[in-house]
Amino acid sequence: MAIIEAKRLTYTYPIGEKPAFRDVNLEIKKGEFVIITGPSGCGKTTLCRCFNGLIPHFYGGRLEGEITVCGLNVREHPTYEIAQHVGMVFQNPENQLFALSVEKDVAFGLENLGVPREEIRKRVDWALKITGTYELRNRAPYELSGGQQQRVAIASVLAMNPEVIVLDEPTSFLDPIGAEQIFDVINSLNKDLGITIILVEHRLDLISKYASRVIVMQNGQIVLDGNPREVLVSEEARLIGVGIPKATLLYKILKLRGISLNGPPLSSDEACRSIMEVMSR
Amino acid sequence: MPIDNGSDEQMIVMDDVYFTYPNGVEALMGVNLKIEDGEFVAIMGQNGAGKTTLVKHINGLLKPTKGRVLIDGVETTKVSVATLARKVGLVFQNPDHQLFSETVEEEISFALKNFGYDEKTIKKRVDWALNLLDLNEYRKVSPFMLSGGERKRVALASVLAWDPKIVILDEPTIGQDYRQKERLRQFIVQLNRQGKTVIIVTHDVEFVAECNPTIMLMRQGRIIATGEAREILTNETLVNQASVALPEITKIFKGLEDFGFPRKVIDVYEAADILYERLGGQR
């Protein structure tokens with residue numbers, strides 16, 4: 001079942017001369033883990049803003065074509081309604097957190113919806129535990145490290161019990177260890193809870209192995225869409241300037257020089273295994 | 001690592017530097033370093049390790065609570081930030097902390113005007129910087145209309161325009177796509193070849209593995225290691241202590257250690273050469 005469906009979708013910002021993206025046809029199914037990548041300015045962030053109705057309701061501009069998210073026509077339903085189905089996590093967690101304690105931040109969305117107190121308690125604790133931030137619940141968000149803050153931002157979205165979570169470069173401000181923890185959390189939301197994940201990302205080294213699908217955008221259009229292995233090993237992806245994982249790149253270079261490993265690897269672990277296989281042949 | 005030859009003539013010297021913020025946070029706790037003229041250094045370490053605080057001491061925005069910072073043999077407490085700024089250009093992590101003009105062109109000419117250059121020179125420098133960072137088409141555009149990656153390039157252009165001897169880039173790769181990173185890398189290497197001292201603060205292990213600078217690893221307000229990229233980035237213990245990660249290529253070779261492969265590999269092309277040699281005959 002399609003959880004997000006776009007047909008001939010074209011969008012132009014109020015101040016824009018040409019569309020930020022045009023003629024996008026896209027179907028995302030429940031439970032998919034989709035990475036959207038492509039050069040800066042290709043329209044990927046703009047496209048994601050349609051998934052919870054920020055476009056057109058907040059940004060204005062001209063939206064043509066059709067988009068349905070969780071069965072709701074985005075044009076006809078306000079953002080607060082769509083936001084109960086689709087959670088958004090942004091690049092810089094500092095822009096998203098504002099309360100004086102982690103717990104209050106995570107409870108904020110539910111309080112606004114008038115959810116009963118006991119239910120809020122339950123859902124906040126659940127979201128804090130899944131993201132590994134339960135121990136931090138009484139701390140002030142601004143006292144936390146960037147990685148901890150981003151996990152709190154994810155918890156506050158998770159507490160709303162969304163079917164889809166959209167994350168726009170959620171690890172770019174984090175150190176590598178913090179980034180890895182975020183990717184682990186995102187993966188478990190997808191694999192353990194069945195939440196559909198849409199991740200906008202340039203750095204694909206650590207995350208590609210978790211994805212079920214990679215979409216590449218360029219100049220406002222979807223130009224590649226498919227299985228991560230096929231997309232990332234393709235010559236088109238390299239020419240567009242996609243940040244191909246080092247393990248996949250190594251496979252490509254060796255192949256050009258006549259050495260074939262078993263299938264393109266998406267991570268260092270996979271590369272290591274397939275090199276060992278060749279060694280023991 | 002710069003060698004202590006007893007002279008204070010090295011470009012940047014930090015001598016047992018401590019810094020405590022007014023709220024009591026101890027950000028630097030005994031930093032000693034020497035960076036020579038023309039060196040290329042990457043400062044790495046976990047969020048909150050003190051990296052940004054450290055570079056703000058180089059352009060005098062912050063002065064040590066204890067200890068000394070010397071630039072070309074002169075203590076930063078004895079000169080104004082404006083004087084230091086001619087030598088030291090710092091590009092902030094978040095371009096929005098830096099940009100304020102109505103057009104990209106005005107932004108880039110601002111510092112030049114303040115330094116008192118004549119109009120002809122200013123125009124030349126602005127044109128040069130716009131070209132260098134591929135910003136020509138945005139000359140008359142407000143910086144705030146641009147994407148995050150473009151704003152970072154404007155911030156960089158406005159610093160390079162006045163041609164400082166030392167260029168410090170705080171997290172230059174954030175929000176940059178693969179192409180722009182590749183350009184940034186070539187650009188940094190070129191600046192360094194032209195004799196500038198380049199210091200980058202970054203988490204981006206893959207970027208550093210490709211640039212091959214001297215690395216200084218920070219942890220909790222101290223520098224815990226200094227050395228070549230190949231030595232530091234392949235040392236798992238150090239890398240873990242600083243919340244950095246091994247480069248992907250190093251992880252692959254770590255897994256292959258039992259097969260007699262070298263451990264200290266960080267570059268994908270070098271990795272391909274090694275594997276080609278070993279596996280070439282086994283097809």
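Visitor: In β2(B), which residue is the bridge partner of B:V13?

Guide: In this predicted model, strand β1 of chain B covers residues 12–20. Strand β1 pairs with β2(B) in the antiparallel sense, over seven bridges. Within β2(B), the bridge partner of B:V13 is B:K34.

Visitor: What is the order of the strands in the open sheet of chain B, and which are the edge strands?

Guide: Strands of a sheet pair through backbone hydrogen bonds, either parallel or antiparallel. In chain B, four strands form an open sheet with antiparallel pairing, in the order β2-β1-β4-β5. Pairing on one side only marks the edge strands, which are β2 (26–35) and β5 (74–75).

Visitor: Is B:D15 buried, partly exposed or exposed?

Guide: B:D15 lies in strand β1 of chain B. Leaving aside neighbours within four places in sequence, B:D15 is in contact with B:V31, B:N32, B:G67 and B:R68. Buried means under 20% relative accessible area and exposed means over 50%. Because its relative accessible area is 32%, B:D15 is partly exposed.

Visitor: Where in chain B does B:Q220 lie, and what is its phi?

Guide: Most residues other than glycine have a negative phi. B:Q220 lies in the loop between β9 and β10 (222–228) of chain B, and is partly exposed with a relative accessible area of 44%. Although B:Q220 is not a glycine, its phi is positive, at about 45°.

Visitor: What is the phi of B:N212?

Guide: B:N212 lies in the loop between α7 (205–211) and β9 (214–219) of chain B. Although this residue is not a glycine, its phi is positive, at about 60°.

Visitor: Is the peptide bond from A:I55 to A:P56 cis or trans?

Guide: Most peptide bonds are trans. A:P56 has its place in helix α2 (residues 54–58) of chain A. With omega near 10°, the peptide bond from A:I55 to A:P56 is cis.

Visitor: What radius of gyration does chain A have, and why does it agree with a compact globule?

Guide: Chain A contains 11 helices and 10 strands, and its C-alpha trace spans about 65 × 45 × 35 Å along the principal axes. For 281 residues, a compact globule would have a radius of gyration near 19 Å, so the value for chain A agrees: 20 Å.

Visitor: What percentage of the residues of chain A count as buried?

Guide: The accessible surface of chain A comes to about 11,900 Å², and 49% of this belongs to carbon and sulfur atoms. Of the 281 residues of chain A, the share that counts as buried is 58%.

Technical notes
Residues numbered from 1 in each chain as written. Chains lettered and ligands numbered in written order. Predicted model: local features only at pLDDT ≥ 70, side-chain atom pairs only at ≥ 80, totals over all residues. Heavy atoms only, no water. Helix = DSSP H or I, 4+ residues; strand = E, 2+ residues; numbered from the N terminus. Rg over C-alpha atoms; globule rule 2.2 N^0.38 Å. Buried < 20%, exposed > 50% of the residue type's maximum accessible area, 1.4 Å probe, protein only. Areas by Shrake-Rupley, 256 points an atom, 1.4 Å probe, with all protein chains shown as cover. Pairing = 2+ DSSP bridges. Contact = heavy atoms within 4.5 Å.
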